[in-house]
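Here are a few friendly exercises to work through with the model on your screen. Try each task yourself before you read its solution.

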Amino acid sequence: TYTTKSLIDSYKIPTKKLELIPNGVDTKVFKKYPSIKLKTKLGLNNSFVIGHVGVLREWLDFNPLFKAFKSLTDSFNLKLLIVGGGVGYNDVVRLAKKYRIFEDVVFAGTVPYSQVPDFISCMDVGIIPFKLDRVSQDSQPLKLFEYMACETPVIATNVKGIIESVGDLVIYASDVDDYREKIIMLYNDEELRRKMGLIGRKFVEENYDWSKISSNLESVLKKSRDI
């Protein structure tokens, strides 16, 4: 089984005995929750929150996002929310200090997976800041579907795996100017954010809910057994 068609192209995998089984999300768990209490606890009330969820590893690149964020802090009421740990945690903290945005970043660290939907619900925009390398090009990150299930608009690096999975249902950014432009656009357009959230939610319910994906996998396994 494979998660994205781009994997087939990148690694020249024979297609005779392959089945596409994508990643997904539990839409009963991941949905939009009231966020006032948690935002108050995190010091995010009355701010436009740009957030990232997930382990902090070498395939991420926060440099263009942080540069864009720094250029906007004097004109816009912004906060960054970074949820997750990992081997790259200290590097991301140092990067925030380097760009002098540390005071505007909330590092939540590792949280129980059951609480992730609550943290995503605090975000006005979810970010997927991948490096443009071979690993990221073929990836299909869980956070993509988790953001969308929680009705959170997404800005993502334009990697093949994401484009293949959701097309133009998210906004793409690849450099500092892109991030700056897209953040301003979403900051100023609440209706666009609302529409992206609703459309994204409906899309993952119909295409990437784990209940449907697991049923497809079960059918594949039964078919393989019969063969």
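**Exercise 1. Work out how helix 7 and helix 10 are oriented to each other, and which residues meet.**

Step 1. Find the two elements: helix 7 covers residues 142-149 and helix 10 covers residues 190-207. Helices are DSSP runs of H or I with at least four residues, strands are runs of E with at least two, and both are numbered from the N terminus. This is a predicted model, where local features need pLDDT of at least 70, side-chain atom pairs count only at pLDDT 80 or more, and totals for chains, interfaces and linings use all residues. Residues are numbered from 1 along each chain as its sequence is written, and side-chain values use heavy atoms, with hydrogens and water left out.

Step 2. Look at the geometry: the axes are 7 Å apart and the packing angle is about 120°. Axes are lines fitted to C-alpha atoms, for helices over the stretch in contact, and angles run from 0 to 180 degrees between N-to-C directions.

Step 3. Classify the angle. Under 35 degrees is roughly parallel, over 145 roughly antiparallel, 65 to 115 roughly perpendicular, and the rest oblique. Helix 7 and helix 10 are therefore oblique.

Step 4. List the contacts (heavy atoms within 4.5 Å). Helix 7 brings Phe145, Met148 and Ala149, which meet Gly197, Gly200, Arg201, Phe203 and Val204 of helix 10.

**Exercise 2. Classify the ring pair of tyrosine 89 and phenylalanine 107.**

Step 1. Start from the total: there are 8 aromatic pairs in the structure. Rings of Phe, Tyr and Trp (its six-membered ring) pair if their centres lie within 6.5 Å; planes under 30 degrees apart are stacked, over 60 edge-to-face, and the rest tilted.

Step 2. For tyrosine 89 and phenylalanine 107, the centres are 5.8 Å apart and the planes stand at 70°, so the pair is edge-to-face.

**Exercise 3. Find out how many disulfides the structure has.**

Step 1. A disulfide needs two cysteine sulfur atoms within 2.5 Å. The search of the whole structure finds 0.

Step 2. Check cysteine 122: the nearest cysteine sulfur belongs to cysteine 150, 10 Å away.
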